Amino acid sequence: MTSPAGAWLSVVGIGEDGLDGVSKAGRRLIDAADLLAGGERHLALIPDDGRDRLPWSSPFSAGLEELLRNRGRRVCILASGDPMSYGIGAALARRIPPAEMIVIPAPGAFDLACARMGWARADVETLTLHGRPLALLYSYLQPGARLLILSENGTTPAAVAGVLAARGYGGSRITVLERMGGPFERRCAWDEPDIAGLNTLAVECVADPGAPLLPRSPGLPDEAFHHDGQLTKREVRAATLAALAPVPGQLLWDVGAGCGSIAIEWMRHHPACRAVAVEPRRDRLALIAANAEGLGCPDLTIVEGKAPAALEGLPPPDAVFIGGGVSAPGVFETCWQALPHGGRLVANAVTIEGEQTLLSAYAKLGGSLTRIAISRAEPIGPFSGWRPLMPVTQLALLKT
């Protein structure tokens, strides 16, 4: 192994089997270090030979600043398994240039869990509940899904079982894999007493009869959202998300968010999708928060305020949806100016004034202008008839 020139920091994955499971390259970095850093559990796996040690402190930012003060020394951080999989390596890479750091992974919890369960890595979805809201799990619940979950502690298995039962997946199979790779490895059920804090869950999702199907494809049922009538209806929502074209890692501004349905479906598309919901009415903020929590998007950023003033200081968007207030002075112009090249803007209007704004923008900027008219079958006495919804005018633009 050749270290990058100028690399002062190494991050070495280590498992429950300690040094026995560390590669030769990792052993050389550990042996050459002036300072060993890591959690107390990881440091305890290395015999104390008198070298300086830095137990990782909490919060993470404090430990990082202390670590950076040792730049110039040969520092080795010991981390669980693969440091780049929900680990410290990924967090360090956001602050430390790649040329200054070398990462040596060991088999991670997900790799070991797949080996224990006989699951193909490509056929499972992974997430961590370590330091993250339990609500993140909600959007992963699909019939037949196989999930691998990093637990927060020994109480996480019971908490996950409770979520599954409450969400109509009470028949799912949960396997708890404790301290994999070490001498105290154990497989047990979620309701076993004294589950170790270091555990990974393997979940095979089984839907109960009648469990609601909430896929990640756009167009969730209207009933999936709490709302006061200000809701982009299912058919229009699906067309709107298709025009916005969610891309993993990109940020959406949902301006005039109502109950937050567009922002939430954007985020459900992929775990890396981010969104900001901007809404002036305070009574709707609670609806947005409840929908985001209940549909597995607790990280949705909610901003109270009226556009365009409320947009000032927000991180720049990759896409913008204007669902309310499109005719208000400066809203469309501010959103359009905020977009980078390649950004997308989609605006819906149901009022004549809003439509006039979109027609004017279409004349200047081009794009795609669409009238969406939906009718739904409803009872008329003993018969059925078509009940039209309010038609929606939609402008979709790509900034070039």
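User: How many bridges join strand 11 to strand 14, and do they run parallel or antiparallel?

Analyst: Four bridges join strand 11 (residues 251–255) to strand 14, and the two run parallel. Leu252 stands opposite Ala319 in strand 14. Strands here are DSSP E runs of at least two residues, and helices are H or I runs of at least four, numbered from the N terminus. Two strands pair if DSSP finds at least two bridges between them. This is a predicted model: local features need pLDDT of at least 70, side-chain atom pairs count only at pLDDT 80 or more, and totals for chains, interfaces and linings use all residues. Residues are numbered from 1 along each chain as its sequence is written, and side-chain values use heavy atoms, with hydrogens and water left out.

User: Which residues of strand 14 are buried on each side?

Analyst: Ala319 and Phe321 are buried on one side, Val320 and Ile322 on the other. Both faces of strand 14 are covered. Buried means under 20% relative accessible area, exposed over 50%, and partly exposed in between, with a 1.4 Å probe and protein chains only. In a regular strand the side chains alternate between the two faces of the sheet.

User: What is the strand order of the seven-strand sheet?

Analyst: The order is 13-12-11-14-15-19-16. The sheet is open and its pairing is mixed. Strand 13 (301–304) and strand 16 (368–372) stand at the edges; each has a single partner strand, so one side of each is left without a neighbour in the sheet. The twist averages 15° from one strand to the next.

User: How do strand 16 and strand 19 pair?

Analyst: They pair in the antiparallel sense, over five bridges. Leu369 has Leu395 of strand 19 as its bridge partner. Helix 11 (residues 352–365) packs on the sheet and touches strand 15, strand 16 and strand 19. The direction of helix 11 makes about 30° with that of strand 19. Contact means heavy atoms within 4.5 Å. Axes are lines fitted to C-alpha atoms, for helices over the stretch in contact, and angles run from 0 to 180 degrees between N-to-C directions.

User: Which strand does strand 8 join over six bridges?

Analyst: Strand 10, running antiparallel. Ile174 stands opposite Val203 in strand 10. Strand 8 also pairs with strand 9 in the antiparallel sense, over three bridges. There, Val176 has Cys188 as its bridge partner. Strand 8 is mostly covered, with five of its six residues buried.

User: Where is Ser172, and is it buried or exposed?

Analyst: Ser172 is in the loop between helix 6 and strand 8. Ser172 is buried, at a relative accessible area of 12%. A polar atom of the Ser172 side chain lies 2.9 Å from the backbone nitrogen of Val206. Leaving aside neighbours within four places in sequence, Ser172 contacts Leu164, Val203, Glu204, Cys205 and Val206.

User: How many disulfides?

Analyst: Zero, counting pairs of cysteine sulfur atoms within 2.5 Å. For Cys273, the nearest cysteine sulfur, that of Cys297, is 9.5 Å away. Cys273 is buried, at 2% relative accessibility. Cys76 is buried as well, at 0%.

Methods. A polar contact is a pair of N or O atoms within 3.5 Å; within protein, one must be able to donate a hydrogen and the other to accept it, and residues adjacent in sequence count only if both atoms are side-chain atoms.
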